[in-house]
Amino acid sequence: MKPLCTVRSFAGLVIASGLLLAQPVFATVKLNKLPADTSSSVPSEDPAKKETKKFASLNNSAVKIHPAAVKREMHVVAKENEGAEVDFYVFDLQGTLIQHYKMQPKSHYKLSGLKKGQYVYSVFQGDEETVSGKFEIR
C-alpha cells in the first residue's frame, strides 16, 4: 500500500496540471454580444463598462451559447422557444455562411472545426430573426 502523503501529492499534482492545461483554453474563447439596433443615435456606453461585458455569457431568450472547456468548440443549447423549431446560422465577418442547424427545443449542438477568428450568429424562428450576436475563437 502507498503512503498517504504520496497519494495526496499525486492527487495535488493531477489537479494542478489539469488547471494549467485548461487555462489556455479558457483564455482562447472570447464572447461578445451584438447590439440589437446599431443605427440608433443613442450615445455609446462607457468603454470601461463594455470591457466587463466582453466575457459575459451569451444567454438569451432563444439559445444558450458557451465555450467548451477543453477543445475549441462552442456549445449551443436551444431553449424552449414555445415548442417551435429554430434555425441557428453561423457566419464569418464577410457574411459567408459557415454552418446552419435546425434545432428542436432543448436540443444541444457542438460547433466544432471553427478556425481562429470572429463569427456572427443568427437565430430565426420561422421567418423572424429572434437573436443575433457575435463570438470569437482565439
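In the hairpin formed by S7 and S8, with two residues between the strands, Gly126 takes a positive phi near 75°. Strands, like helices, are DSSP runs numbered from the N terminus (helices H or I, at least four residues; strands E, at least two). The model is a predicted one, in which local features need pLDDT of at least 70 and side-chain atom pairs count only at pLDDT 80 or more, while totals for chains, interfaces and linings use all residues. Residues are numbered from 1 along each chain as its sequence is written, and side-chain values use heavy atoms, with hydrogens and water left out.

S7 (residues 117-125) and S8 (residues 128-137) run antiparallel and are joined by nine bridges; strands count as paired if DSSP finds at least two bridges between them. Tyr119 has Phe135 in S8 as its bridge partner.

As for confidence, pLDDT is the predictor's confidence in each residue, from 0 to 100. The chain averages 75, with 62% of its residues at 70 or more. Strand S4 (residues 86-92) comes out highest, at a mean of 95, and helix H2 (residues 47-53) lowest, at 38. Across residues 37-57 the pLDDT is below 50, and this stretch has twelve contacts in the model beyond near neighbours in sequence (contact: heavy atoms within 4.5 Å). Where pLDDT is low, the predicted coordinates should not be read in detail.

Now for the charges. Two salt bridges turn up in the structure, each defined as a side-chain nitrogen of Lys or Arg within 4 Å of a carboxyl oxygen of Asp or Glu. One joins Glu80 and Lys106 at 3.6 Å, N to O. Glu80 sits in the loop between S3 and S4 and Lys106 in the loop between S5 and S6, so the pair ties together parts that are 26 residues apart in sequence. The other joins Lys102 and Asp87 at 3.0 Å, N to O, linking strand S5 to strand S4 across 15 residues. Lys102 is exposed, at 54% relative accessible area, whereas Asp87 is buried, at 10% (buried: under 20%; exposed: over 50%; partly exposed: in between; 1.4 Å probe, protein chains only).

Then there is Glu73, in the loop between strands S2 and S3. Glu73 is buried but has no salt bridge, and Lys110, the nearest side chain of opposite charge, is 4.6 Å away. Beyond its neighbours within four places in sequence, Glu73 contacts Pro67, Ala68, Lys110, Leu111 and Ser112.

Key
Lys, Arg positive; Asp, Glu negative; His and termini not counted.
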